[in-house]
Amino acid sequence: MKAVTWLLDLLYPPRCVFCRKLLRSDETDVCKKCRGRLPQIDGTFKRGKFFTQCCSVYEYRDEAADSLKRYKFGGLRHYAAAYGRLLAMCILRERLEFDVLTWAPISKKRRRARGYDQSRLLAEAVARELGVQCVQTLEKIRDNPAQSTMKDAAARHANVMGVYRAVMPERFAGRRVLLIDDIITTGATLSECSFVLLNAGAAEVLCATVAATQFSNN
Ligand SMILES: [Zn+2]
């Protein structure tokens, strides 16, 4: 073990990113209890019009929802490394085939307020795990109200229309794009991002998220 890692572990012993209990030496990121009880999602699903399929690690509820809220709103940006490992395993397990790895960005204003773009950190962590590059393909050009404040699926779709723009389409034209985000709810955001990417020349868009709400794979 590197001296710096040893010192960091001594000062900040690694905790389960879900229940926050101290991890044992044979556990990484997630304790055995959480691994056993968190609602894992098997298989891929389609939610939204413009991406082919999506894979997610866990259902968005209980400890998984609390953990993602700490990551997104509580400043715990270091969770990205753990989520990245979980998501990379999910992408490999579900055999998602892609050429370009990217993320669904937040607006500049939101990033300044939060201090980081949680989706970008996630995508970078996934890229490190998979040994591929992480490429920016989109920017958010309007700071729309948060999707969580919208009352139904139609409002969520309307809220994201026209808020994304493709960046340097020559990076992904004719290629399969894997779009990373933290949570999928109605699929409105990822569908709009996919629409913009397809319009700018992407051959196909696939998605992967840490969590998915109200899961039913029908
Ligand atoms: Zn745990």
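Axes here are lines fitted to C-alpha atoms, for helices over the stretch in contact, and the angles between N-to-C directions run from 0 to 180 degrees. Keep that in mind for the helix pair further down. The model you're looking at is predicted. Its chain splits into domain 1, covering 1-37, and domain 2, covering 38-212.

**The two domains**

- Where they touch, domain 1 puts in seven residues and domain 2 puts in eight residues.
- Sort the domain 1 side of that contact by class and you get four nonpolar and three charged residues, with no polar ones.

**The sheet**

- Four strands make up an open sheet, and reading across it you meet them in the order E1-E6-E5-E2, with parallel pairing.
- Which strands stand at the edges? They are E1 (54-59) and E2 (100-103); each has a single partner strand, so one side of each has no neighbour in the sheet.
- Going from one strand to the next, the twist averages 20 degrees.
- Look at strand E5 (residues 176-184) and strand E6 (residues 204-212): they run parallel, and eight bridges join them.
- Within that pair, Leu 178 stands opposite Leu 206 in E6.
- Helix H4 (residues 79-93) packs on the sheet, where it touches E1 and E6. The direction of H4 makes about 130 degrees with that of E6.

**A pair of helices: H7 and H8**

- Two packed helices are described by the angle between their axes and the distance between the axes.
- For helix H7 (residues 153-160) and helix H8 (residues 188-199), the axes come within 9 Å and cross at roughly 35 degrees.
- The crossing of H7 past H8 is right-handed.
- Which residues meet here? From H7 come Ala 153, Arg 156, His 157 and Val 160, and from H8 come Ala 188, Thr 189 and Glu 192.
- By class, this H7 contact with H8 has three nonpolar, two polar and two charged residues.

- You'll find Met 168 in the loop between strand E4 (164-166) and E5.
- Is Met 168 buried or exposed? Met 168 has 11 C-beta neighbours inside 10 Å, and a residue with 12 or fewer counts as exposed, so Met 168 is exposed.
- Compare Met 168 with Cys 134: they are 34 residues apart in sequence, and C-alpha to C-alpha they are 14 Å apart in space.

Technical notes. Residues numbered from 1 in each chain as written. Predicted model: local features only at pLDDT ≥ 70, side-chain atom pairs only at ≥ 80, totals over all residues. Domains from an automatic or database assignment. Nonpolar A, V, L, I, M, F, W, Y, C, P; charged D, E, K, R; others polar. Pairing = 2+ DSSP bridges. Helix = DSSP H or I, 4+ residues; strand = E, 2+ residues; numbered from the N terminus. Left-handed = near helix turned anticlockwise from the far one by under 90°. Buried ≥ 20, exposed ≤ 12 C-beta atoms within 10 Å, placed from the backbone.
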